[in-house]
Each structure stands twice: as C-alpha cells, then as structure tokens.
Amino acid sequence: MTTLAHYLNTNANSPALNDVITTVTGVGKTISQLLRKGALADILGEAGNQNVQGEEQKKLDVLANDLLLDALAKNTHCAGVASEELDDATPANADGSLLVLFDPLDGSSNIDINMAVGTIFSILPYQRQGQLSENSDFLQAGNQQLAAGYLLYGTSTVLALTIANNVVMFSLDPDTNDYILIEDNVQIDADTSEYAINASNYRYWRAPMQQYIDELIAGEAGVRGRDFNTRWVAAMVGDVHRILCRGGLFTYPFDTKYANKAGKLRLMYEANPMSLLIERAGGGATDAVNRILDIEPTDIHQRVPVVLGSKNEVAYIKDLHVKHAGQ
Ligand code: AHG
Ligand code: MN
Ligand code: MN
C-alpha cells in the first residue's frame, strides 16, 4: 500500500513541491469531511455575494477558498495564491518558490443536490523570490506548470495528480484519512464513443462544433458510422475524472451566449491543470484548434474554449475547425 506521503518522498520532486501538494491535499481532507456532513454542517446554499466573474458564490465556494488560502499562506514555500473566488492574486511568503492557483470548488451547482464537486489546482514556479508576488507573476503558460491535479469529492474522494510526467490517482481512506495509491501511470485510449457537452447551448456554438455534435447524434446512420453516448456531470472535475478512467471527450466550446466571454471555463485554474493531466495521460487538450498549454495568459481569470480527452476525437474536432476556417 502506497500512501501519498510515501509516493511524494520516493519521487525526485523538490521538497517545496511535495510540501505544497501536501498542504493542498490536506485541505482536501477537510473539505471532504464537510461535504460528508452536508446540510448538517450548514455549508449549503448561497453565501449572498458574487465573485469577480459576476457569479453567485455558494457558502462552500467561500469556505473552501478560505481554507486553502489560510493553509497556503502558512506554507513557507508558497509565494502567492490565485483563486476563482479572489479578484486579485494574494501574496504569501516572499521567499517561497511556488505559486498556487485553484478553483476551490468546481461544479458549485452540484453542491446543494448532493452530487459530485471538486477542487482543481495548478502549481507554477515563482521567479522573483525575495519580493512579494503580484498578479503578473502568475501569467505563465500552462506548459510551465510543475504539478497539477484535482480532488473529486464523489462517492469516494479521489486525488488525481500529475508530477514528473506521471499521472497518478489516490483514494482517500475514510478510516485512516490517508490518500492511498490506486492507479499509477494513468493512460487514456485514443478513441472513444462517449462525449460530454452542455447541448442546450447549441444555438450559440460556431458552425464546426454544431456539425461535430450533429455527426455524433447521427451515430451509425451518419458519417461517423457508429453510435455515441452522452455523459455530463455538470462539474468539469467529474467529467475529466471519467475521461481519465475510461476515455471520452469533454468540451465547453466557444459560444456567443455572453458577450466578451470566450468560453465558460477559466484558463489558469480549470483548463491548464486539466490539460496537463490529460496530455500526460496520452490525451489531447485544445481550444478547438490550438494547444491550451501553449496559450500565454493575459489575465488570471481569462476564459478559454476547452476541448479535451481522447486524442483522435480532439484531432477530429480540430480538423473540422481548420477546414471550416479555410472555406
Ligand atoms: P464553477 O462551479 O467552478 O463555476 O465551474 C463550473 C463549470 C464546470 O465545472 C462545468 O463544466 C460547467 O461549469 C457547467 O456549466 P453549465 O452547467 O452552466 O453549462
Ligand atoms: Mn470550476
Ligand atoms: Mn469554482
């Protein structure tokens, strides 16, 4: 039996990285316990305010954010944090060598209905040690991430982590409160017949994405020549977990539903960490055409269209977009 602590100590990672991962996953244990108590812990419902992106905050969005912020502020290796729920990045320890970005609670709309939610995190190097970190220090492409992962609070709590080119999964043992390794070297099949998209936005998509979904729905009778099946958790963390477990395609594409929003998901603490996990597991991750991990960010809260999962399906979507652009 391999615990997370043992796994981290036996891999050649920097002690700083191991320590920050231990802090984030430690908070994950607390969030997991709170979720298990549910309504009895008075954690459900609205917090009564909005975040910087104009979204209603749930009590648990705020609570998870504060727990992560407090724990990381005390970690001497953490130079600063950026969160979905914070307007600006918060400096932590000037001598720290790492920056941590997170979506404290992904899938907020699932909280009150007892469905899966998660925490997503991304760890970047800090280049200006000795000085307090600022927003601009976080604006690094996803290919610079030193580690990334998520905690999925589902029927059990699972940690997916990528560090040193490997993707691993741990399950939180409720008896010992330890993360135990359940899967080493996670790999995704290149082909799939399962896809996830919020199809109610169909009329807002671009033509190639509409064509792609039309083809999947046509199934055996259409150009794809086989049937496809939809699965949608309504929390990216759940959909990505399914893809790491058995392949699949997840997309939250470009849409015109809201002016000035390129897509719904945020590049730095949703798309980048998930893209690193998926690519390292042999899958693909693009904004429909370009590799997400190569996007140079201009804002810590910027949004990006996301297409990720089984490699051949991600490539198929890219082809449709490239052909359409050339017409
Ligand atoms: P968050 O709860 O952190 O705001 O993110 C929710 C995201 C993502 O997890 C999911 O894929 C998507 O929103 C679902 O959105 P809709 O149900 O509104 O399409
Ligand atoms: Mn989210
Ligand atoms: Mn969130």
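User: Are Asp103 and Asp106 buried or exposed in this model?
Analyst: This is a predicted model. The cut-off for a buried residue is under 20% relative accessible area. Asp103 and Asp106 both fall in that class: buried.

User: Which residues donate to the manganese ion (ligand 2)?
Analyst: The protein donors lie 1.8 to 2.2 Å from the manganese ion (ligand 2).

User: What spacing do the donors of the manganese ion (ligand 2) follow along the chain?
Analyst: Written as a pattern along the chain, their spacing is D-x2-D-x163-E.

User: Which residue coordinates both the manganese ion (ligand 2) and the manganese ion (ligand 3)?
Analyst: The two manganese ions are 3.7 Å apart. One residue coordinates both of them. That residue is Asp103.

User: How many Å is an oxygen atom of ligand 1 from an N or O atom in the side chain of Asp103?
Analyst: Asp103 also coordinates both manganese ions. A polar contact needs N or O atoms within 3.5 Å. For the side chain of Asp103 and an oxygen atom of ligand 1, the distance is 3.0 Å.

User: How many Å from an oxygen atom of ligand 1 does a polar side-chain atom of Tyr252 lie?
Analyst: Tyr252 is among the closest residues around ligand 1. Arg266 also places a polar side-chain atom 3.3 Å from an oxygen atom of ligand 1. For Tyr252, the value is 2.6 Å.

User: What percentage of ligand 1 does the protein bury?
Analyst: Taken alone, ligand 1 exposes 470 Å². The part of that area buried by the protein is 85%.

User: Which element gives the most residues to the shell around ligand 1?
Analyst: The shell has 17 residues. The elements giving two or more are β5 (98–106) and β13 (249–252). The top contributor gives 3 residues, and it is β5.

User: How many charged residues does the shell around ligand 1 have?
Analyst: The shell draws at least three residues from each of domain 1 (4–183) and domain 2 (194–325). By class, 8 of its residues are nonpolar and 3 are polar. The charged residues number 6.

User: Why does Lys261 count as partly exposed?
Analyst: Lys261 sits in the loop between β13 and α6 (267–280). Partly exposed covers the range between the buried limit of 20% and the exposed limit of 50%. Lys261 counts as partly exposed because its relative accessibility is 26%.

Terms used
Residues are numbered from 1 along each chain as its sequence is written. Chains are lettered from A and ligands numbered from 1 in the order in which they are written. This is a predicted model: local features need pLDDT of at least 70, side-chain atom pairs count only at pLDDT 80 or more; totals for chains, interfaces and linings use all residues. Side-chain values use heavy atoms; hydrogens and water are left out. A residue is near a molecule or strand if one of its heavy atoms lies within 4 Å of it. A polar contact is a pair of N or O atoms within 3.5 Å; within protein, one must be able to donate a hydrogen and the other to accept it, and residues adjacent in sequence count only if both atoms are side-chain atoms. Accessible areas come from the Shrake-Rupley method with a 1.4 Å probe; for residues, only the protein chains shown count as cover. Helices (H or I, at least four residues) and strands (E, at least two) are DSSP runs, numbered from the N terminus. Ala, Val, Leu, Ile, Met, Phe, Trp, Tyr, Cys and Pro count as nonpolar, Asp, Glu, Lys and Arg as charged, and the others, Gly among them, as polar. Domain bounds come from an automatic or database domain assignment. Donors are N, O and S atoms within 2.8 Å of the metal (3.2 Å for Na, K and Ca); water is not among the atoms, so sites may look incomplete. Buried means under 20% relative accessible area, exposed over 50%, partly exposed in between (1.4 Å probe, protein chains only).
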